[in-house]
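The sequence and model come first, and the explanation follows.

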Amino acid sequence: MAGPALIAVAHGSRDPRSAATISAVVAGLARARPDLAVRLAFLDLNTPSVEQVIDAVAAAGHTEAVVVPLLLGSAFHARVDLPGLLASARARHPRLHVTQADVLGTDTRLVTALRDRVLATGANVADNRLGIAVAAVGSSSPTANRRTHRIGRLLATGTAWRTEVCFATTEPTLPEAVSRLRARGCERVIVAPWFLAPGLLTDRLATAAPDLVHAAPIGSHPLLTEVIASRYAATVLAERIRHAAA
């Protein structure tokens, strides 16, 4: 294998559809990059855990690993949970150099993937009476929620659509976003879930607006695989530059 091991770390969910979707994404990445040791780990609720995968990578003889968080936001899990787990792993395996990559974030390629999901419902980019309710998880951090509003603006770029952002766990809610879109003259509304996989929260959104068309989550879109690989490559390059300058 060439290069550090790639450990993709997902959030985890009680809904089996979520783990199945993420597993398919990471399996696709492994097929696309047979030169890399690609592993999947979960922060919570599913197995294997981050600790188990790092232990296995170390036992396999790897000396370097890049951990790519499969997270759309840089909140508690990316800033606290995962760094804590990696610090413990470094203490257990001092010969294994573990580096955390950036989260997937608001990468424009993922916005393109979400737009593809909306178009797959039959939406027309020239439809100026179409409203898109971009629904994300939501955070206790107002700053994180404000970042999500960028998704709505990017999604509408190059289209005649109107967009509103809403959240599954905080305000504004999906019904509130739909009301705003109706007030702006939208005759039709499609829900665009800013989620990597289906699960309990996407079900909650469907229950909140059962009369609307709900696009699929990003899921196994090829651009998701591309973004994961890009986060890995950027981290490897940064580490090489850092070592060369040391």
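How many residues of domain 1 are in contact with how many residues of domain 2? In this predicted model, 18 residues of domain 1 touch 15 residues of domain 2. The domain assignment gives domain 1 as 5-105 + 221-245 and domain 2 as 108-214. The distance between the C-alpha centres of domain 1 and domain 2 is 28 Å.

The largest pocket draws on both domains. Domain 1 and domain 2 each contribute at least three residues to its lining. The volume of this largest pocket is about 1,100 Å³. It is lined by 39 residues, and those closest to its centre are H11, L71, L72, V137 and F195. Four helices each supply at least two residues of the lining: α1 (16-32), α3 (76-92), α5 (142-156) and α7 (200-208). Helix α5 gives the most, with four residues. By class, the lining of the largest pocket has 21 nonpolar residues, 16 polar residues and two charged residues.

Two of the helices named for the pocket, α3 and α5, also take part in helix pairs. Two packed helices are described by the angle between their axes and the distance between the axes. For helix α2 (residues 50-59) and α3, the angle is about 35 degrees and the axes are 10 Å apart. Their crossing is right-handed. On the α2 side the contact is made by V50, E51, I54 and D55, and on the α3 side by L82, L85, L86, A89 and R92. This contact of α2 with α3 comprises six nonpolar and three charged residues, with no polar residues.

The second pair is helix α4 (residues 108-119) with α5, which pack at an angle of about 65 degrees with their axes 9 Å apart. The crossing of α4 and α5 is right-handed. Here T108, V111, L114 and R115 of α4 meet R150, I151, L154 and L155 of α5. Of the residues in the contact of α4 with α5, five are nonpolar, one is polar and two are charged.

The largest cavity has a volume of about 40 Å³. Its lining consists of P4, E64, A65, V66, H97, T99, V236, E239 and R240. The elements that give two or more residues to this lining are β3 (64-69), β4 (97-100) and α8 (222-245). In terms of class, the lining of the largest cavity has four nonpolar, two polar and three charged residues.

E187 sits in the loop between α6 (174-183) and β7 (188-193). Which residues does E187 contact, leaving aside its neighbours within four places in sequence? With those neighbours set aside, E187 is in contact with R129 and R182. The C-alpha atom of E187 is also 9.2 Å from that of N128, although E187 and N128 are 59 residues apart along the chain.

Definitions and conventions
Residues numbered from 1 in each chain as written. Predicted model: local features only at pLDDT ≥ 70, side-chain atom pairs only at ≥ 80, totals over all residues. Heavy atoms only, no water. 1 Å grid on protein atoms, 1.4 Å probe; cavity = no way out; pocket = protein on both sides within 12 Å on 5 of 7 lines; lining within 4 Å. Points joined across faces, edges and corners; volume = space filled by probe spheres on them. Nonpolar A, V, L, I, M, F, W, Y, C, P; charged D, E, K, R; others polar. Domains from an automatic or database assignment. Axes fitted to C-alpha atoms, helices over the stretch in contact; angles between N-to-C directions. Left-handed = near helix turned anticlockwise from the far one by under 90°. Contact = heavy atoms within 4.5 Å.
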